[in-house]
Structures are given as structure tokens and as C-alpha cells.
Amino acid sequence: MLSLLPKLLCERLTDLTPGELTRRGIDLLLMDFDNTMLPYTTDQPAPELLRWLEQMQAGGVRLCIVSNSRKLHRVPVFSEKYDIPCVMRAKKPFLRGIREAMTRFGASRAQTALVGDQTYTDVLGANLAGIMSIQVRSICNHTIWLKLRHLLELPPLAFAKNRRIRHDKS
């Protein structure tokens, strides 16, 4: 479906819980990388992110990074170091990368969600694929282009404001 509205909104990736996803039937979480998991400006994950990754995996949620990045070192190095599969050059909002990840895990649309910080790539791609779209706030809008993109995303986010998840930390 051609929609820019996320099914769920949350402040940070780490606000998602295994319990929240399981209640919604999700056991495969596709994750954007840049500005969703880590800022563009560092390759070092925050301790909070590392704890969250462990919590998700312990809670039975399968994880896969689906990134549009063309930097062949950044995402694959992280992926290998933390044992999280990745799909590079996904070309979201097009479906190739999303479908590749779902096929790799043998997951149905009903079991899959994609979380990211961008309306026009992550949310639109998830919605076109027929999977749950989850939008988080960008970690750091450090350039004028990222700030401008954020302004363009305000109208769809305003329409989706009632889709915020509750923080149950389960």
C-alpha cells in the first residue's frame, strides 16, 4: 500500500521491546542502520544499544539490518562483530532488500516489521512490502540535508501521532 504513515511510532529503537513485538505477531525485525541504530558520525554502538540487541535476541526476536548504505565497511563490520545478518544496498523504498531479508529468514509479511528513521525510505518501503512499519526519531540530524528531510517528514508524522507505542519495558 502506498502510504507514508508508520503503523507505530517510538522515540528510539531501544524503546521497542520483545513483548511489544510478540504481542503484534512480529518475530523478525528488519532494522535500518544509519541514524536508527548508530549516528552517521560513529561506528561505536552505545552500551544501551548492545543491551537492547541482547534483550531482543533473548526474547526470541530475529534481527536483520537492511541498509541502503553503499559504504562496504561500516555495516558489514558491525554485522559481523555483533552477529546480526545484514542486507546491503537495499534500495528502500524499493522491495528487493526487504524481500531478500524476509526470504533469508523464511518470514511472512505478518511476522515481519521494519524499523527506521526515514518516512520516504523505511516507512514507505515497509508499507509497500505489506509489513509493519515502525518509525523512530533520527539519532542525530547533523547536516542541513538531514534537517530539511526531517521538515518534509513532519506532515505524515503529525497524522500518525496517535500511533505511539506505550513503554512497557517487557
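Mentor: The questions that follow move from the overall fold to single residues. This is a predicted model, in which local features need pLDDT of at least 70 and side-chain atom pairs count only at pLDDT 80 or more, while totals for chains, interfaces and linings use all residues. Residues are numbered from 1 along each chain as its sequence is written, and side-chain values use heavy atoms, with hydrogens and water left out.

Trainee: In what order do the elements of the protein run from the N terminus on?

Mentor: Helices (H or I, at least four residues) and strands (E, at least two) are DSSP runs, numbered from the N terminus. The protein has six helices and six strands. From the N terminus on, the order is β-α-β-α-β-α-β-α-β-α-β-α.

Trainee: Which strands stand at the edges of the sheet?

Mentor: Two strands count as paired if DSSP finds at least two bridges between them. The six strands make an open sheet with parallel pairing, in the order β1-β6-β5-β2-β3-β4. Each edge strand has a single partner, so one side of it is left without a neighbour in the sheet; these strands are β1 (8–10) and β4 (86–87).

Trainee: Which residue of β5 is the bridge partner of M31?

Mentor: Strand β2 covers residues 28–31 and strand β5 residues 112–116. The two pair in the parallel sense over four bridges. Within β5, the bridge partner of M31 is V115.

Trainee: At what angle does helix α2 run to β2?

Mentor: Helix α2 (residues 47–58) lies across β2 and β3 (62–66). Axes are lines fitted to C-alpha atoms, for helices over the stretch in contact (heavy atoms within 4.5 Å). Angles run from 0 to 180 degrees between N-to-C directions, and the one between α2 and β2 is about 155 degrees.

Trainee: Is helix α5 largely enclosed or largely open?

Mentor: A residue is buried under 20% relative accessible area, exposed over 50% and partly exposed in between, using a 1.4 Å probe and protein chains only. In α5 (residues 119–129), nine of the eleven residues are buried, among them T121, D122 and L124. The helix is therefore largely enclosed by the rest of the structure.

Trainee: Which residues does D122 contact, leaving aside its neighbours within four places in sequence?

Mentor: D122 is found in helix α5 and is buried, with a relative accessible area of 1%. Its C-alpha atom is separated by 9.9 Å from that of K91, 31 residues apart along the chain. Leaving aside neighbours within four places, the contacts of D122 are D32, K92, L114, G116 and D117.

Trainee: Which peptide bond is cis, with omega near 20 degrees?

Mentor: Most peptide bonds are trans. P93 lies in the loop between β4 and α4 (96–105). The cis bond leads from K92 to P93.

Trainee: Is N35 buried or exposed?

Mentor: N35 lies in the loop between β2 and α2. Although N35 is not a glycine, its phi is positive, about 70 degrees. With a relative accessible area of 0%, N35 is buried.

Trainee: How does R89 count at 39% relative accessibility?

Mentor: R89 lies in the loop between β4 and α4. Its phi is near 50 degrees, a positive value in a residue other than glycine. At 39% relative accessibility, R89 counts as partly exposed.
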